[in-house]
Amino acid sequence: MMRSLFSGVSGLKSHQTRMDVIGNNIANVNTVGFKSSRVTFADTLYQTQTGAAAPTNTVGGTNPKQIGLGVGVASIDLLFTDASTQATGKNTDLALSGNGLFVVSTDKGGKDKYYTRAGAFSFDANYNYVVPGSGHHVVGWNADENGSIDTKSTPTGIQIKDAMRSMGAKATTKITYKGNMNSSVPTITEITNQTGHAVASPAVVDGTTNEYLTLKLSDGTTQTITAKGNYPYRKGYSMPITTIANVYDSLGNLHKVPFLFTKAPDGTFPLGQDKWEVALAPGKPSDAYGSCTIKEEDGSETSVTMSIETLQFDQNGKFKTGSGTPTLTLKNGAGSSAGNTMTATVELSNLTQYSGSDTIKADYDGNAAGTLKEVNVDQSGILTGTYTNGEKRALAQVAVAQFDNAQGLTKKGANLYTESNNSGTANIKTVSALGLTLTPSALEMSNVDVANEFADMV
């Protein structure tokens, strides 16, 4: 009689444990990054009254007679499946999918590590990237002042340091032109002035003899030029492609330097190999072709010079020969005192010339001074700062951890896990290195299925 009562009690206790787990799951249905648990039962020890007997030549075999002594909890399993992501619109929130967890630490050095799937992060008053509810530091790799991130170094707490919250002015040292120049651009076949009479090539609009010029092109169209200046329009040449290169001086002042790209006659080059001329556009009527005077906002003038360059392209549209890296010189462009000069290398060898659209674009390495305006996180976990000068710079990269047996982690409360004897050690790498998926401006929801939990409760 007592044995039957205690067997029943074991069933009540075991089912009470299951109800406790179900209740905890339901309570955490809206907990960010929560992973539900389940209870599995196993029968306990058996009392054998009669053992099994083997059959003989006269009597058949008999089965054992055993009385069970109740039920026990075999395991409480952590269900480490992905949950749905919910967009939050907050640019510091992160949602992680796959077998991985974020790494957080109670200290800035990242030594006392915990692990979590709850990516509700934000910045504190000192620009530490933290879990706002507990102050735990989000662990990753901080960038240096040039925006370089060394993910092979020891990860620490992410912090945007004072030096990264502002960006000093940097003088432009290199201008790189990329893109395509249309090899089929029409060329000038005839030049006439306001009287309708032909004008010898080259011709400029001087405001007296040539008040304006009418150019007839090889495709049958015409162009009328009315702006006075020293740019020479020549038969056999194309109309110039005008581009602007931004050049910053050491004080962060911006100088917009105009470049002209003009297709020139092939001359003695082999068939299919074209020639282009690159020069500065005159800034005012008195500027000679190939020089430029820029009127600054404060009323001062900056003179810019660069030698006129000739580029030759092969029959495949690739740069072949020519001065692909001329030097641009700005006078009075690096300060307010007269005579100050700065130079920048112009890289032209990356240009191509295929038939089609003109897609010339100038990249540059200089910038004006600016302050940090906002921080965004991409799918690689890289925090990128956008500054008031329009520049962007990498600030840090979030680290993630992977375990051989994530279900073996020990829950510590507050959405945190720690390593256990059966979880394996943490493999801390980048998101891409571990093959995980990171969704910025979103959070992972709880993976609790309320319908299943209530059904299990019944």
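Predicted model: local features only at pLDDT ≥ 70, side-chain atom pairs only at ≥ 80, totals over all residues.
Local features were taken at pLDDT of at least 70 and side-chain atom pairs at pLDDT 80 or more, while totals for chains, interfaces and linings use all residues. Residues are numbered from 1 along each chain as its sequence is written, and side-chain values use heavy atoms, without hydrogens and water.

Strand E25 spans residues 327–331. Strands (E, at least two residues) and helices (H or I, at least four) are DSSP runs, numbered from the N terminus. In a regular strand the side chains alternate between the two faces of the sheet. Buried means under 20% relative accessible area, exposed over 50%, and partly exposed in between (1.4 Å probe, protein chains only).

E25 pairs with two strands; pairing requires at least two DSSP bridges. With strand E22 (residues 301–305), the sense is antiparallel, over three bridges. Here Thr 305 stands opposite Thr 329. With strand E26 (residues 341–347), the sense is also antiparallel, over five bridges. Thr 327 stands opposite Thr 345 there.

Helix H2 covers residues 450–457. Val 450 lies in this helix. Val 450 is partly exposed, at a relative accessible area of 31%.

Thr 192 belongs to strand E15 (residues 188–193). Thr 192 is buried, with a relative accessible area of 13%. Its contacts (heavy atoms within 4.5 Å), not counting residues up to four places away in sequence, include His 197, Val 199 and Tyr 212.
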